[in-house]
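Biologist: I would like to learn how to read aromatic rings in a model. Could you take me through it?

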Amino acid sequence: METEVIVIGGGVIGSSITYHLARDGVRVKQLEKGSIANQGAASRASAGGIRLNNRDPRELSLAKASILRWESLEEELEADLEYLPAGQIMLFDHRYNMEDLFNQVKEDRKNGIVSRIVDQDGLKELIPFISPLISKGIFYSSGGQANALLTTIAYSSAARRLGAEIITGIEVHSIAKQNHAVTGVYTSSGFMPCNMVINAAGVWAPKLHETLGLSLPQIKPFCHQMSATFAAPLLLPGPTISAKGTKISLKQTVDGRIRAGGGYAAKPGPNKYTGLFNEESLKEQRNTVLSIIPAIKDYEVDFTYYGAEAHCIDDIPILGPIPEITGYLLAAGFSGHGFTISPAVGQVLSEIAQQKSPSISIDELSINRSFDAEKSKDHAIRHIPG
């Protein structure tokens, strides 16, 4: 029987889409050139933060729907995702006054986000080892963190149990079309026919997009460098930490390691999809971490790791149909913060693939939105922590 849908990409987005299609009874095949959550790709090196706060309003509906799904996602996928619903906190240093916090909470309220200002005593309760130099923050009770590797594998495994065909170690060379309609994909194992292709290939999405005679200059690759300390006692029992005006995403995972992200760059590797160890980035990141939690100085960094992220020039993904080609959907450009919204993205792309009305509007995330041509230049990419 002919496959109805082929999903290209074994990251958290591609795996979520595959799962939702299989859950709806669609014949679906997921193709990944490496392994699910392949080493060196975005989902393997995700910070794992789950947040509703500090998002672009255009993706807020997806984030709200996803936050609700995260509450029961482990049960739904029958897997341990290391989900910790401890919330999120945004710290504010001496550069910001209380009016800045009041304005942020006012904006949160307008967007339907629950938040509260926390003073120094409140910070001490949430983050016992916080630097005494930090005296204020905004706490968000929604969200927290989860393990991106386990989550990606769980989506794909659940999809397989529901009848999806998951094929790893197979490279898609091009997407085939006839009369402006998708007919299948050419792979390292030959031609595979289908009625629809969903391009969720992350940084490799533009390359596949181009095989249809189209261009995707809005999406650029960027290799983030993450760090993880040796296992430590419980120093960060509370919310995932970020800091206003500072590149940092900080949390302690169930293995005791304190993991730091925030958009620090790896050094360029042999090609634009790979990165190498960047000592300067690590030093900068480490200094930021110690300025927030001085006690972490006793726990050295054990290793660093990177992931190639697809950054969109306006920092939000491109989702949905491509007008020029029938049977072709794009889900790319998540810009370092797609993990949170993976449940809702999978659901909506599955609905669109089945020609259903999407339960969550993604009109403002379509490729037809307005893009600033100047931001297509590499130097113009802004790097936002997940």
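Modeller: Let us start with tyrosine 96, which counts as buried because its relative accessible area is 19%, where buried means under 20%, exposed over 50% and partly exposed in between (1.4 Å probe, protein chains only). This is a predicted model, where local features need pLDDT of at least 70 and side-chain atom pairs count only at pLDDT 80 or more, while totals for chains, interfaces and linings use all residues. Residues are numbered from 1 along each chain as its sequence is written, and side-chain values use heavy atoms, leaving out hydrogens and water.

Biologist: How many aromatic pairs are there?

Modeller: A pair of aromatic rings is described by the distance of the centres and the angle of the planes. Rings of Phe, Tyr and Trp (its six-membered ring) pair if their centres lie within 6.5 Å; planes under 30 degrees apart are stacked, over 60 edge-to-face, and the rest tilted. By this rule there are 7 aromatic pairs.

Biologist: Which pair is tilted, with 50° between the planes?

Modeller: That is tyrosine 186 with phenylalanine 191, 4.8 Å centre to centre. Tyrosine 186 is partly exposed at 42% relative accessibility, and phenylalanine 191 is partly exposed at 39%.

Biologist: Which residues form one aromatic cluster?

Modeller: Trp70, Tyr83 and Phe339 form one.
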